[in-house]
Amino acid sequence: MEGRTPPGSAGPMHHDVPLIATVAMGFVLAFVFGFAADRLRLPPLVGYLLAGIAVGPFSPGFVADAGIAGQLSEMGVILLMFGVGLHFSAADLMAVRWIAVPGAVAQIAVATLMGMGVAALWGWSLGAGLVLGLSLSVASTVVLLRALEDRNALATSNGRIAVGWLIVEDLAMVLTLVLLPAFAEMLGGEPQPHGAGGIWVSLVVTLGKVAAFVALAVLLGPRVVPWLLKQVARTGSRELFTLSVLALALGIAYGSAEIFGVSFALGAFFAGVVLSESDFSHRAAEESLPLQDAFAILFFVSVGMLFDPMVLIEDPLAVLAVLLVILVGKSIIAFGIVLMLGFPASTALTVSASLAQIGEFSFILAGLGIAIGLMPAEGRDLILAGSLLSIILNPLAFTAADRLLAWARTDPRWAAWLDSFGQKRIVRLRAELDEVRKRQEARAEERSLRIEQLVERFPLFAGLDRQGREDLLLLFRPRSATPGDRIIRAGERGDAAFFISSGAVQVSLGDREIRLEAGAFFGEMALLNNKPRTADVTAIDYCQFQILEQRDFRQFMARHPWLRARLAELSRQRVEASARAEEEREAAEPRG
């Protein structure tokens, strides 16, 4: 009997699979170009953008589906912003707030005005100039982090100032993404649906929705999200935990857009921020990183697909003007602002070099500007050209900053100024950053200490690897008892195993009694064999217990069968030792 293809399904030789083709070619070419860029000591981001150009409609050969690529890029934006929020440190930002906040706001304002001035020379509208200026004013956090890591400067005071500066820029751009559509019509763009009351009522409603979302995220998020992740972590399923992290990121992003009308980017950012302060932040980052990286790559590929390389030939002066604003204009502005704020020239040069490029937010802003009719399509080509060239040249900006600083130190007058100007401010800032670092290390050490104490108190768990110990730590819940409290009654069904952190209990098994102290455990056999309790257990001291409930206990034992066998063996040894002690006591008693 001949096989038939089910109705509505593709046959074995059917190749109309645009989603698979787009993803496959995007990943393959991103790998090839990204690897080549890395070999040339350029950020792989350059390679990803070139891969997008290669599969875009402006180059010969295979052309990816632009609609599918656009939706994949939205996924990339969500996961990219989730990652930014996950690594967001409010403590670090507060430490550098006196330079990062005023510096970033002033630099965005001046750089935006420069971009608007250039756009005015081209005859563009006010709205187009505003979008262009904003796009050129914000640097790429991804590129900066890679540059600082390559130079081992991420943990330095100057590096943390630069990262704080860019975080403020990112936050400003998130707000811009919310406000720009509301002002689109006023700035010369396409009319947007404002509803009754006009633009100002619409703006107030938009800001109100954003405020409501932020309040909900800040007040409710830290209580609900960590609790939910803890319940998932207690299942011990790695894939469920990964799924929960992605569901939270995408679900909050989509829900915030549907319910509160805010952007996917803002929702995903706050989802990451909520998680960043919990004990699960490092694990959430670890579990979501592969998918986050994958979709971020597809985002850059999809951006590259929109770039028309002919702009480099047809309008080289415009490209040069954009590049000068990014490389020279922003750097000079940032250098002057840092010096005006009273910080040393070395800090000013680091910040200047850090800002001499543009990236992901510039692409998002350009796309939004075109979507709401504010900026012509050629503006995106200019922004993409400026991004590609500035990212390629960014390592040279850091090298030039280093050489300029070294050259200045060869002149005694300049050297004296460099050693004196702004040193008090930077010394105070370093002290504050050191305090932040110590608190973060203390928090990490406290968690590590809890894990080590678990093993020290209960050597039974010494054979677990570190991930197993962390998983076990999540399952415990504390309980206390005072002398005379009955912890377990013989005949009742077991619902938990007890591990004694401090104090002592008496186990009454028939006419025998066993004393258990800190480090011992009891109640596990009823959970292992599903039989009623066989002994009474009473506290004979002030006790602190760590309890494993039945469901968690069994699931953990199932994942670690050797631990189950070890528990049964230790329990058997304990009963036998008690029996021998009882026999010795009876033998020692005088006979009548």
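How are α6 and α8 oriented relative to each other? The exercises below use a predicted model.

**Exercise 1. Classify the packing of α6 and α8, and describe their contact.**

Step 1. Two packed helices are described by the angle between their axes and the distance between the axes.

Step 2. Helix α6 covers residues 126-137 and helix α8 covers residues 157-183; their axes come within 11 Å and cross at roughly 160 degrees.

Step 3. Angles over 145 degrees count as roughly antiparallel. Therefore α6 and α8 are roughly antiparallel to each other.

Step 4. The crossing of α6 past α8 is left-handed.

Step 5. From α6, the residues L130, V131, L134 and S137 make the contact, and from α8 the residues E169, M173, T176 and L180. Sorted by class, the contact of α6 with α8 has five nonpolar residues, two polar and one charged.

**Exercise 2. Do the analysis for α7 and α18.**

Step 1. The helices are α7 (residues 141-150) and α18 (residues 377-409), with axes that come within 11 Å and cross at roughly 40 degrees.

Step 2. That angle makes α7 oblique to α18.

Step 3. The handedness of the α7 and α18 crossing is right-handed.

Step 4. V143, L144, A147 and L148 of α7 meet I391, N394 and F398 of α18. The contact of α7 with α18 divides into six nonpolar residues, one polar and no charged.

**Exercise 3. Describe the packing of α3 against α12.**

Step 1. The axes of α3 and of helix α12 (residues 264-276) lie 6 Å apart, at an angle of about 30 degrees.

Step 2. Angles under 35 degrees count as roughly parallel, and the angle for α3 and α12 is about 30 degrees.

Step 3. α3 and α12 cross in a right-handed way.

Step 4. Residues of α3 in the contact include E74, V77, I78, M81 and F82; those of α12 include F264, A265, A268 and F269.

Step 5. By class, the contact of α3 with α12 holds 13 nonpolar residues, three polar and one charged.

**Exercise 4. Find the largest cavity and state what lines it.**

Step 1. Rolling a probe the size of a water molecule over the atoms shows where empty space is left.

Step 2. Searching the whole structure gives two cavities of 30 Å³ or more. The volume of the largest cavity is about 50 Å³.

Step 3. Its lining consists of T22, G26, V55, A64, A69, L72, L298, V301, S302 and M305.

Step 4. Two or more lining residues come from each of α1 (18-39), α3 (66-86) and α13 (281-305). The most come from α13, which gives four residues.

Step 5. By class, the lining of the largest cavity has seven nonpolar residues, three polar and no charged.

How values were computed. Residues are numbered from 1 along each chain as its sequence is written. This is a predicted model: local features need pLDDT of at least 70, side-chain atom pairs count only at pLDDT 80 or more; totals for chains, interfaces and linings use all residues. Side-chain values use heavy atoms; hydrogens and water are left out. On a 1 Å grid over the protein atoms alone, a cavity is a set of points where a 1.4 Å probe fits but cannot get out, and a pocket is an open set with protein on both sides within 12 Å along at least five of seven lines; lining residues have an atom within 4 Å of a point. Grid points are joined across faces, edges and corners, and a volume is the space filled by probe spheres set on the points. Ala, Val, Leu, Ile, Met, Phe, Trp, Tyr, Cys and Pro count as nonpolar, Asp, Glu, Lys and Arg as charged, and the others, Gly among them, as polar. Axes are lines fitted to C-alpha atoms, for helices over the stretch in contact, and angles run from 0 to 180 degrees between N-to-C directions. Angles under 35 degrees count as roughly parallel, over 145 as roughly antiparallel, 65 to 115 as roughly perpendicular and the rest as oblique. A crossing is left-handed if the near helix is turned anticlockwise from the far one by less than a right angle, and right-handed if clockwise. Contact means heavy atoms within 4.5 Å.
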